[in-house]
Amino acid sequence: MECRYYEMHSSSSTFDMKANGSSIAVHPNPIIAGDITRIISSDIEWSRLAGCSVLIAGAAGFLPTYLVEVVMALWHHPALTGNDPPRVIALVRSEDRARAKFAHHLQNPGFTLLVQDVCTRLPAEIRPDFIVHAASPASPKYYRDDPVGTIGPNTVGTQHLLECAANVDAKGFLFFSSAEIYGDLPESMIPTRESDAGVLDPTDPRNCYAESKRLGEALCIAWHRQFGVAASIVRPFHVYGPGMRLDDGRVFADFAAAVVHGRDIALLSTGTASRSFCYLADATEGFFRILLRGESGTAYNLGNPECEISIAELAEILTALYPEKGLQVIRAARKAEDPYMPSKVERSCPDIGRLRLLSWKPSIDIRTGFRRTIDSLSCGTLP
C-alpha cells in the first residue's frame with residue numbers, strides 16, 4: 001500500500017488558542033472534551049512526554065482516538081510538559097476517515113498524519129520516541145469476513161513496529177492485546193490474572209483474532225528480551241464509550257445503537273453471559289500509565305471488575321436510562337446471515353491488581369458511562 005505522509009492539512013473552525021503561531025483546537029464534542037480534561041487532570045507523569053513524538057498505529061480506531069486527543073490536549077497545558085508539548089504521528093489506513101475524525105487538529109504543527117498499512121515498514125524518517133500499536137480489527141463481525149486481515153496487523157504489523165522501536169531506541173512501546181487471549185477458562189480462574197491461560201482452538205475461525213494477539217504478545221516479549229525494546233502489553237476487557245461505532249457488531253454497541261435510534265433492544269441470546277464493562281476515559285488513563293510507568297516485558301489486564309453484569313442486565317439498564325423513550329427489551333432469534341461470531345466464553349472478568357500498582361483505579365459506573373456514551377453518540381459531532 002502506498003504511504004502518504006502529511007505534516008499539516010486543511011482548516012477547522014474549532015480553535016481556542018494559539019501556540020507558535022498555529023491554531024490549537026478543542027474537541028467539538030463536549031462529552032469527549034470533558035473526558036479528556038479529566039484524564040489530563042490525573043497524576044500521570046505527563047512530563048515524560050515533553051518534546052517527544054508518539055506514533056499511534058490505528059489512530060482513528062475507537063480506543064486509540066482518545067490517546068490522540070489526550071496527547072494533543074497537552075498543548076493546552078504547557079506546564080505539564082515544560083512548555084515543550086509532545087507530537088502525534090497518527091498512522092491510519094483511511095485518509096478520509098482520519099481527516100474527518102481529526103479535523104480539529106489538522107492545522108496543529110504537533111499533528112502528523114501517516115497514511116499506510118501497518119503491515120508495511122515505516123518510512124526511514126519516522127523516528128518516534130514512543131510507539132502505541134492499536135491497529136487491528138476488534139469486532140467479531142470482521143473475523144469471519146477477513147481473518148487474514150485480522151491476523152496481519154497483530155503479527156506482521158507488530159514485527160515491523162518493534163523493529164522501528166529497536167532501531168530508534170524508543171522510550172516506550174505499548175501493544176494492545178485483548179482479554180480474548182485467555183480463551184475458555186474454568187470458573188476457578190475468574191477473576192482472571194495475567195498468569196492464567198485457558199483453551200484456544202486454533203482451528204476455530206473466530207480465534208484468528210485471539211491467536212494473533214497471543215503471537216503479538218510473544219513478539220513483544222522476544223524483542224524485549226533479545227533487543228531490549230521497552231515493550232509493555234495491555235489486555236483490555238470490554239471497553240465502551242464515546243466514538244464507538246454503532247455498527248460495531250458487538251452486543252453492547254448494538255444495545256447503544258438501539259437506544260440512540262429509539263428502538264427496543266433485541267436480546268438475541270439467553271443473556272446470561274457476563275462481562276466487565278470499562279468506560280473509555282478510565283481505560284485511556286490506564287493505557288497511559290502502562291506506557292509511561294509500566295514494566296517492560298509485562299502484560300497488564302485492564303477492565304472494571306466492579307462493573308461485571310450479565311448481558312440481559314445491561315439491556316435492562318440501558319432501556320431504564322431513558323424512560324421517556326419507552327423502550328423495552330425483547331427476545332429475538334439471530335438471523336442466519338448475521339456475520340457475528342458468538343463467543344463461547346460465559347464469564348469474563350479481570351483481576352486488575354497488577355495495574356492497580358501503577359495507581360490506576362476505574363471510577364465510572366455503568367449507568368454514568370453508558371449515559372455519557374449514548375448522549376455523545378446522539379449529539380451529531382462524531383464522524
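Predicted model: local features only at pLDDT ≥ 70, side-chain atom pairs only at ≥ 80, totals over all residues.
**Entry 1: Glu194 and Arg354**

I then checked accessibility at both ends. Glu194 counts as buried, at 12% relative accessibility. Arg354 is partly exposed, with a relative accessible area of 33%.

**Entry 2: Glu217 and Arg235**

Next I went to helix H6, where Glu217 lies. Glu217 forms a salt bridge with Arg235, and the closest N and O atoms are 2.7 Å apart. Arg235 belongs to strand E9 (residues 231-236), so the bridge ties together parts that are 18 residues apart in sequence.

**Entry 3: Arg293 and Glu45**

I moved on to Arg293, which forms a salt bridge with Glu45. Here the closest N and O atoms are 3.7 Å apart. This pair also links distant parts of the chain: 248 residues separate Arg293 in helix H8 from Glu45. I placed Glu45 in the loop between H1 and strand E4 (53-57). Arg293 counts as partly exposed, at 36% relative accessibility. For Glu45 I read 36% as well, again partly exposed.

**Entry 4: the salt-bridge tally**

How many salt bridges are there in the whole structure? My search of the whole structure gave 16. I also noted a network of salt bridges that links Asp43, Glu285 and Arg289.

**Entry 5: helix H1**

I turned to helix H1, residues 30-40. I wanted its buried residues. They are Ile31, Ile32, Ala33, Asp35, Ile36, Ile39 and Ile40. What do these buried residues pack against? I found helix H2 (62-73), strand E13 (278-279), H8 and helix H11 (366-378). Then I checked the N-terminal end of H1. Asn29 caps that end. One of its side-chain oxygens lies 3.0 Å from the backbone nitrogen of Ile31.

**Entry 6: Asp282 in helix H8**

Asp282 lies in helix H8, residues 280-293. Asp282 is buried, with a relative accessible area of 1%. Which residues does Asp282 contact, leaving aside its neighbours within four places in sequence? I listed Arg38, Trp360, Pro362, Ser363 and Ile364.

**Entry 7: cysteines**

Last, I searched for disulfides. A disulfide is a covalent bond between the sulfur atoms of two cysteines. The count comes to zero. I took Cys307 as a case to work through. A disulfide needs the sulfur atoms within 2.5 Å. I also checked accessibility here. Cys307 counts as buried, at 8%. Cys119 is partly exposed, with a relative accessible area of 24%.

Methods:
Residues numbered from 1 in each chain as written. Heavy atoms only, no water. Helix = DSSP H or I, 4+ residues; strand = E, 2+ residues; numbered from the N terminus. Buried < 20%, exposed > 50% of the residue type's maximum accessible area, 1.4 Å probe, protein only. Contact = heavy atoms within 4.5 Å. Polar contact = N/O pair within 3.5 Å; in protein donor to acceptor, adjacent residues only side chain to side chain. Salt bridge = Lys/Arg side-chain N within 4 Å of Asp/Glu carboxyl O.
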